Amino acid sequence: MHEPGDERIALYDASGAQIGAESRRVVYARSLWHGSAGVLLRSGDGERIFVHRRSDDKLVMAGMWDCVAGGVVDPGETPAQTARRELAEELGVTGVALTPLFSTAWESGPGTGLGSGPAGLRAHLFAYEAFWDGPVTLQESEVAEGRWMALDELRALLADRSRPFAPDSRILAERRLAELP
């Protein structure tokens with residue numbers, strides 16, 4: 001079995017074009033541009049968002065709070081395929097419509113849990129939204145705990161800087177929450 005850092009992921013250029021592949025370990029160590037897709041999972045009435053804490057042994061952003069099912073784009077995979085795969089893997093949700101929200105390039109800068117490269121993490125985030133009222137099944141290897149949160153409760157969590165939040169998920173959540181009542 002391969003180590004998680006040996007997995008090959010899609011490389012992107014700064015403008016957002018997929019240009020090749022490299023091991024996850026090298027991407028994180030050299031701050032190479034890569035792609036990620038994330039799905040904001042909302043309840044059917046739109047009043048709650050599923051929020052979870054990442055497992056403590058993740059390669060990056062370990063133990064941080066997160067509100068998207070997401071991950072890196074695999075070589076040859078589209079962001080939408082990644083979003084569907086990650087939603088199924090992390091939360092056990094399949095067969096839902098994904099609505100594209102936006103895409104954006106982001107850089108974390110160096111910091112604890114943000115890769116070992118000089119610029120931290122550098123990725124193109126492809127953001128999606130889905131609605132679901134069915135069961136959520138957490139992937140134990142990636143998700144330590146999770147639950148539904150009301151929109152205002154998530155806003156409070158994001159405002160509490162003492163509780164580390166995954167930077168890419170923060171971008172998606174803050175932008176989407178700003179559009180909602």
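**Basis.** I worked from a predicted model, in which local features need pLDDT of at least 70, side-chain atom pairs count only at pLDDT 80 or more, and totals for chains, interfaces and linings use all residues. Residues are numbered from 1 along each chain as its sequence is written, and side-chain values use heavy atoms, without hydrogens and water.

I looked up the largest pocket and noted a volume of about 690 Å³. Of its 36 lining residues, E7, R24, Y28, K58 and E142 are the closest to the centre. A pocket here is an open set of points on a 1 Å grid over the protein atoms alone, where a 1.4 Å probe fits, with protein on both sides within 12 Å along at least five of seven lines; lining residues have an atom within 4 Å of a point. The volume is the space filled by probe spheres set on the points, which are joined across faces, edges and corners.

**R42.** I then turned to R42, which lies in strand β3 (strands are DSSP runs of E, at least two residues, numbered from the N terminus). R42 counts as buried because its relative accessibility is 6%, buried meaning under 20% relative accessible area with a 1.4 Å probe and protein chains only.

I found a polar contact of 2.9 Å between the side chains of R42 and E129. Such a contact is a pair of N or O atoms within 3.5 Å; within protein, one must be able to donate a hydrogen and the other to accept it, and residues adjacent in sequence count only if both atoms are side-chain atoms. The R42 side chain also reaches the backbone oxygen of G46 at 2.8 Å.

Terms used
Helix = DSSP H or I, 4+ residues; strand = E, 2+ residues; numbered from the N terminus. Buried < 20%, exposed > 50% of the residue type's maximum accessible area, 1.4 Å probe, protein only.
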